[in-house]
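Dear colleague,

Please find below the structure that I am handing over to you. My findings follow directly after it.

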Amino acid sequence: MKILITGSNGLLGQKLVYLLKTKQGIECIATARGENRIKDKKGYVFESIDLTNVNEVVEVINKHKPDCIIHTAAMTNVDECELNPDQCKLNNVRSTNNIVNSCKEFAPHMIYISTDFVFDGTSGPYSEEDQPNPLSIYANSKLEAEKIIENSGLPFSILRTMIVYGITDDIQRSNIILWTKNSLEEGKDIRVINDQFRGPTLAEDLANACYEAAIRKATGLFHVSGREVISIIDIAYKVADFFGLDKKYIHAVSTAELNQPAKRPLKTGFIISKAERELGFNPHSIDEGIAIVNEQINTK
Ligand SMILES: NC(=O)c1ccc[n+]([C@@H]2O[C@H](COP(=O)([O-])OP(=O)(O)OC[C@H]3O[C@@H](n4cnc5c(N)ncnc54)[C@H](OP(=O)(O)O)[C@@H]3O)[C@@H](O)[C@H]2O)c1
């Protein structure tokens, strides 16, 4: 089975490449914008594509004709999306269109990664049946891309996830665990939101769910996240506890006080029973996840 990954330089993309290259019978084609930033270059094929360039997309997809495409690439900085809506639309919506239009003839299984931000956060935790109501440019672009996938006529799975954490070879964007750890170690004060609630998701767990969706040819919408729904500040406190760091640098701040450019849903969290049933999804707890990240830091 040939699986093509978009966004292979990203957090999820890197985890997927490392996972797929260990699997018997899977040929992995990693694609990313610019150079390959994964340290280990063996056991998979790498192609550079800017997904906004339709010619590059058509050329690479038609060269490999994958059985499955796991589309992880996106402009993921929510505030940058709010401030640059055209760039957001180009990278998140047009790119998805380019991919879908490039593979009508051989109909691969499309796996698209979406977000809890499609919901407004007034009635979480959410199931796959709940109605989206996106609050930001980013969230709207992800929902629009979901619809492109759903209406593509291709077999598809959409995996919605949230607050993904982990460590990669060359992470361009930090995440709550690494940011908290690094800041506290440096004795830097951080302001952490105390009125937003999420189910943090270990990147390896999400990569496994993508792999299972691919090999099981699972179709439809799946909510894929950690089971525990906790406040962002409680995640930061857990990091401080695990690494024995001083909590005095963590300062609670409300969403209203922080006043970020993009509006965020206050309380999401997912009901993950469909993913447990149909993908065999069994995520780690946050405490286990932090310990796994710690082991990975120590072996880098
Ligand atoms: N991380 C989370 O907390 C979270 C939560 C919910 C949903 N998601 C979704 O999960 C997916 C994976 O997230 P992630 O955490 O792995 O994100 P990430 O680390 O930011 O990686 C996204 C990757 O997409 C690439 N990309 C963006 N535009 C591109 C383009 N035009 N052509 C080719 N590549 C492009 C980026 O390339 P560069 O490295 O060159 O910038 C980046 O490597 C995304 O679709 C995101 O919306 C993530």
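Lys65 is located in the loop that runs between helix H2 (54-64) and S4. In this predicted model, the phi of Lys65 is near 40°, a positive value in a residue other than glycine. Most residues other than glycine have a negative phi, and most peptide bonds are trans. Lys65 counts as exposed because it has 12 C-beta neighbours inside 10 Å.

Lys217, in the loop between H7 and S11, has a positive phi of about 50° although it is not a glycine. Lys217 also has 12 C-beta neighbours inside 10 Å and therefore counts as exposed.

The backbone holds one further point for your attention. Gly124 and Pro125 are joined by a cis peptide bond, with omega about 0°. Pro125 belongs to the loop between S5 and H5.

I turn now to the sheet. It is open and has 7 strands, in the order S3-S2-S1-S4-S5-S6-S11, with parallel pairing. Strand S3 (45-48) and strand S11 (220-223) are the edge strands, each pairing on one side only. From one strand to the next, the twist averages 20°. Strands of a sheet pair through backbone hydrogen bonds, either parallel or antiparallel.

Two of the pairings may be described in detail. Strand S4 (residues 68-71) pairs with S5 in the parallel sense over 4 bridges, and Ile69 has Met110 in S5 as its bridge partner. S1 and strand S2 (residues 27-32) pair in the parallel sense over 5 bridges; here Thr31 in S2 is the bridge partner of Thr6. S1 is mostly covered, with 4 of its 5 residues buried.

Which strands does H7 touch where it packs on the sheet? H7 touches strand S1 (2-6), S4, S5 and S6, and its direction makes about 165° with that of S6. Helix H5 (residues 137-150) also packs on the sheet, touching S5 and strand S6 (156-161). The direction of H5 makes about 160° with that of S5.

Ile148 lies in helix H5. Why does Ile148 count as buried? Ile148 has 20 C-beta neighbours inside 10 Å, and a residue is buried if that number is 20 or more. Leaving aside residues up to four places away in sequence, Ile148 touches Thr96, Asn97 and Val100. Ile148 and Glu27 are 121 residues apart in sequence and 26 Å apart in space, C-alpha to C-alpha.

The largest nonpolar core has 81 residues, of which Ile70, Ile111, Leu159, Ala209 and Cys210 touch the most other members. Helix H7 (residues 203-216) gives the largest share of this core, 8 residues. Not counting residues up to four places away in sequence, Ile70 touches Ile3, Ile5, Leu16, Ile111, Cys210 and Ala214.

Finally, there is the ligand. There are 28 residues around the ligand, and Gly7, Gly10, Leu12, Ala73 and Ala74 come nearest. Helix H1 (11-20), helix H4 (85-102) and strand S5 (109-115) are the elements that give two or more residues to this shell. The largest share, 3 residues, comes from H1. By class, the shell has 11 nonpolar, 13 polar and 4 charged residues.

With kind regards

Terms used: Residues are numbered from 1 along each chain as its sequence is written. This is a predicted model: local features need pLDDT of at least 70, side-chain atom pairs count only at pLDDT 80 or more; totals for chains, interfaces and linings use all residues. A residue is near a molecule or strand if its C-beta atom, placed from the backbone, lies within 6 Å of it. Ala, Val, Leu, Ile, Met, Phe, Trp, Tyr, Cys and Pro count as nonpolar, Asp, Glu, Lys and Arg as charged, and the others, Gly among them, as polar. A nonpolar core is a set of buried Ala, Val, Leu, Ile, Met, Phe, Trp, Tyr and Cys residues joined through C-beta atoms within 7 Å. Two residues are in contact if their C-beta atoms, placed from the backbone, lie within 7 Å. Two strands pair if DSSP finds at least two bridges between them. Axes are lines fitted to C-alpha atoms, for helices over the stretch in contact, and angles run from 0 to 180 degrees between N-to-C directions.
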